[in-house]
Amino acid sequence: SRSPCPPFSSHGLGNNMTAIEAFELALDLAISAPTDEQSQRAVILAEEIAMQLTPKQVNAVKAKFEVTE
């Protein structure tokens, strides 16, 4: 049987990365990825990370990316 995905710190992203920070980075990558395929992969990753967060946390991060006119 497959073991669960290791914590973020073991992915070389730094020992102090939180799920909130990882979600923010994934959203940023989804927006700025050079190709549609890479953007879609980042969206999938962001959705997976968001499942570990509360709706309030997700909305707080999303608010940072909202465009105001």
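Is Lys 64 buried or exposed? In this predicted model, Lys 64 is exposed, with a relative accessible area of 56%.

The largest nonpolar core has twelve residues. Among them are Met 17, Ala 19, Phe 23, Leu 27, Ile 49, Leu 53, Val 58 and Val 61. Three elements each supply two or more residues to this core: helix H1 (19–32), helix H2 (36–50) and helix H3 (55–65). H1 gives the most, with five residues.

Two packed helices are described by the angle between their axes and the distance between the axes. For H1 and H3, the angle is about 35° and the axes lie 10 Å apart. The crossing of H1 past H3 is right-handed. On the H1 side, the contact is made by Ile 20, Phe 23, Glu 24, Leu 27, Asp 28 and Ile 31. H3 contributes Gln 57, Val 58, Val 61, Lys 62, Lys 64 and Phe 65. By class, this contact has seven nonpolar, one polar and four charged residues. Phe 23, Leu 27, Val 58 and Val 61 are listed both in the core and in the contact of H1 with H3.

Side chains of opposite charge can pair when their charged atoms come close. The structure holds one salt bridge, and it joins the side chains of Glu 24 and Lys 64 at 3.0 Å, N to O. Because Glu 24 lies in helix H1 and Lys 64 in helix H3, the pair ties together parts that are 40 residues apart in sequence.

Notes
Residues are numbered from 1 along each chain as its sequence is written. This is a predicted model: local features need pLDDT of at least 70, side-chain atom pairs count only at pLDDT 80 or more; totals for chains, interfaces and linings use all residues. Side-chain values use heavy atoms; hydrogens and water are left out. A nonpolar core is a set of buried Ala, Val, Leu, Ile, Met, Phe, Trp, Tyr and Cys residues joined through side-chain atoms within 4.5 Å. Buried means under 20% relative accessible area, exposed over 50%, partly exposed in between (1.4 Å probe, protein chains only). Helices (H or I, at least four residues) and strands (E, at least two) are DSSP runs, numbered from the N terminus. Axes are lines fitted to C-alpha atoms, for helices over the stretch in contact, and angles run from 0 to 180 degrees between N-to-C directions. A crossing is left-handed if the near helix is turned anticlockwise from the far one by less than a right angle, and right-handed if clockwise. Contact means heavy atoms within 4.5 Å. Ala, Val, Leu, Ile, Met, Phe, Trp, Tyr, Cys and Pro count as nonpolar, Asp, Glu, Lys and Arg as charged, and the others, Gly among them, as polar. A salt bridge is a side-chain nitrogen of Lys or Arg within 4 Å of a carboxyl oxygen of Asp or Glu.
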